[in-house]
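Dear colleague,

I am handing over the structure below, and my notes on what was found in it follow directly after. Please read them alongside the coordinates.

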Amino acid sequence: MNTSYRPHTDTSDPQHSTSQTPQSSKSIKVTLHQSSFSQEERNHNITAYSREAILSLLKNTNLCFSIRNPLSDYETRDKIVFHPTETLDQDEGDREPPHHFCVKWEGSKKVSTLIVLDDDAVKAALKKGKKKGGKSKGDAEVDVPRDLTSEDSGEFVPVLAMECRGLEPYAFHPMGGEFRVVSQGGVAFEEGVDLSEGDWADYDEENDMSVSINEFEAKIIAC
């Protein structure tokens, strides 16, 4: 991601607060939707379903979300930034598991944490949720984060999973540089893939075709 932000601990006082935050964990899944993911040869339109292209969320770059206190109607943190592969430094004897972001809501005795889950942790969380009668449906692999292809146009696909204790992400903010696109011809685009406005386009010179993503959307759900 084209930013100099680093993972940080947010302990600043919010403007409003009314309650303490419980430290129960919740698995959060981020799904992405693209109504049109197309490639076209010069002057000739090709539907997304006839061309294979891949959109991937990069794991080695900063991500930006807005979060809220689940026990408050108005206590939020807008556009917090964390790195999905870098955990925060912790004091010796800290009882919290390694985490990628934390915040201490006013009135709470404990910090609330966010942990980005790897594939094995996602499968374990989904399996545990199914045993408890959770909303996960199908096999565990169904909701494991994966890449998007042209065949996913118009559908939401899970790309990131997080375990949240005492905080709730509610919005994802692309900043540019979080995604990698690979064209049907195998050419990778990483720099300049900016979906902050919902649309992106470039040209695959090696294979003489354009590549585009339109009406990009993100949705965050609890599972």
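Of the 223 residues of the protein chain, 47% count as buried, where buried means under 20% relative accessible area, exposed over 50% and partly exposed in between, with a 1.4 Å probe and protein chains only. This is a predicted model, in which local features need pLDDT of at least 70 and side-chain atom pairs count only at pLDDT 80 or more, whereas totals for chains, interfaces and linings use all residues. Residues are numbered from 1 along each chain as its sequence is written, and side-chain values use heavy atoms, with hydrogens and water left out.

The secondary structure of the protein chain comes to one helix and 14 strands, taken as DSSP runs numbered from the N terminus (helices H or I, at least four residues; strands E, at least two). Four of the strands form an open sheet in the order 8-3-11-12, with antiparallel pairing, pairing being assigned if DSSP finds at least two bridges between two strands. Its edges are strand 8 (148-149) and strand 12 (188-189), each of which pairs on one side only. Strand 11 (residues 179-182) runs antiparallel to strand 12 and is joined to it by two bridges, and Val 181 stands opposite Phe 189 in strand 12.

Ser 72 lies in the loop between strand 4 (63-68) and strand 5 (76-82), and it counts as buried because its relative accessibility is 10%. The side chain of Ser 72 reaches the backbone nitrogen of Glu 75 at 3.0 Å.

Key:
Polar contact = N/O pair within 3.5 Å; in protein donor to acceptor, adjacent residues only side chain to side chain.
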